[in-house]
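Let's take a friendly look at the charged side chains here. Have the sequence and the 3D view side by side as you read.

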Amino acid sequence: LIASFLVWNLKPAPPRALMRFALVLPATERLTGRSRNMVAFSPDGKHVVYSANQQLYLRAMDQLEATPIRGTAEGTGRSPFFSPDGQWVGFYAGGQLKKVSIRGGAPVTLCEAANPWGASWAADDRIVFGQGPERIFQVPATGGSKELLISVDSAKNEEAHGPQILPGGEAVLFTLRSGGSWDDAQIVVHSLETGERKVLINGGRDGRYVPTGHLVYAREGTLMAVPFDVVRLEVTGGPVPTVEGVRQAAANLTGAAQFSFSGLGSLVYVPGTREIKRTLVWVDREGNEEPLVGELSPSQRPRVSPDGTRLAITIADSGNEDVWIYDLARKTSSRLTFDPASDSFPVWTPDGRRVVFSSTRDGGQYNLFWKAADGTGQVQRLTTSPNSQIRHSFSPDGKQMVFVEVDPETEADLYVLSMEGELKSQPLVQTDFREIDPAISPDGRWMAYESDETGQLEVYVRPFPNVEEGKWQISGERGGDPVWSPEGRELFYYNFIASGMMAVRIETEPTFSAGSPVLLFTGRYRYGQGRQYDIHPDGQRFLMIKEGGQTEGASAPTQLIIVQNWFEELKRLVPTGE
């Protein structure tokens, strides 16, 4: 009885279900103040503050209506943020930084402050706030004279937005722009002890530390996330898109993005009327682009057929992902899958007759299915597992397929599925680390993949299928998404630091050896959450998804989106390795 009791009570709790719903404003309210942060979630998840009709409103999550906050009317109250205990709301008003109790009463002035550029309330009861080109300041939560905390270089036109004191109180996270677009700004961390400043992200805005061990930031209407070691102040993995369609300030105004999260794991954001423009382009080894097809928004993970005449690609429509086939000669597209579930991660069989993809159909995790590429016949299931199975690669003879299986207990490992006779899979590379994105060489003798065994994702090569006979590290500064050249003499991968395509010369005789990585080109191309590019069978052109600008609608938003248990989704999409 005692043993049964212990087993029952000590077993891991199942992940909490993800739930999304809209918090619709009354017909008389419209969200305003889009150039500044206009929404905040209390740490305890019980209240949301938002900016509407040129003033601030407080909405208790157990109530049907919001209450106007006293002293914030007629545009005087902007950029709300909560105290760590959720009992106070801080905001800017009339050139001052103020706070007000959620229970009501008159606002309390804390200090003088110019235009708001983001603020946060630290656990040690001090408030840090950005002043754009006027540096970053701090003030006690009880009020007093503001104190200069971090300087910016006016000669470089630097502007600081959204400071946040990290746990431990010895470093500040903020967004730093030096001209150009806020989407091309840097997320940096500044040591208060040494004054050292480190760049964590190139190309992003409004970075926030999440207690799950992540850094979340916005770029062109998408919330991106990376694993983040808050002790070493280092990003430990590549960026992954997590939420799309998040409203943000215009690229030339401030670094504000309209999202916030509670300490208990829920997310609130303002949905954007901006749409990310993505176009498919061919890019040669020198970085020259050739447009391939018009806007496919949002599109992901293109794969060129073995004969180079067609593409398989994931396209999302109204939140539903399906696999589409695009004919390169006729310039026409046709939908391959129609299930309401998510169908993604398409891969061609070596003979080009079928497309294998991962799907959540039947109400489960991502499992493997396939269908004839010409659209005939029915979808057939290949695997059945309680775990997600994604990111796969075929041996050149089509007899084996390697894929990633994500087990909550063992992280992500590589499995191999026999395609002959009875379909059976077995572990191929199974360690305490994450192994993802396998790519089998054209001669079938080698397998490239990613692993975080050094603390960050890098590209490795092992013999295939005898993976225990050797291992070679190919990349050296956060590389991923490997793919082989058609003749197998080069290995390409994406460098997450340089945001560019790398090439490594490969020799296999008399023994395996790899040359030094060479940067081929950089650009604003989509990356993360599975390989987002492919190589043409001629070996000279890369199929890339080019990230373009965004178009903002003229109408003011009328709702907030609440995502309950968002931390669970974040940990699933972006494992930290802990």
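Arg285 and Glu490 pair in a salt bridge, with their closest N and O atoms 2.8 Å apart; a salt bridge here is a side-chain nitrogen of Lys or Arg within 4 Å of a carboxyl oxygen of Asp or Glu. Arg285 sits in the loop between β25 (276-284) and β26 (289-295) and Glu490 in strand β44 (residues 490-495), so the pair ties together parts that are 205 residues apart in sequence. Strands are DSSP runs of E with at least two residues, numbered from the N terminus. This is a predicted model, in which local features need pLDDT of at least 70 and side-chain atom pairs count only at pLDDT 80 or more, while totals for chains, interfaces and linings use all residues. Residues are numbered from 1 along each chain as its sequence is written, and side-chain values use heavy atoms, with hydrogens and water left out.

**Buried partners**
- Glu490 is buried, at a relative accessible area of 12%; buried means under 20% relative accessible area, exposed over 50%, and partly exposed in between (1.4 Å probe, protein chains only).
- Asp206 and Arg208 join their side chains in a salt bridge of 3.1 Å, N to O.
- Asp206 counts as buried at 2% relative accessibility, and Arg208 is buried too, at 15% relative accessible area.

**An exposed pair**
- Lys424 and Glu422 form a salt bridge whose closest N and O atoms are 4.0 Å apart.
- Both Lys424 and Glu422 are exposed.

**The wider picture**
- A network of salt bridges links Asp229, Arg232 and Glu234.
- The structure has 24 salt bridges.

Technical notes. Helices (H or I, at least four residues) and strands (E, at least two) are DSSP runs, numbered from the N terminus.
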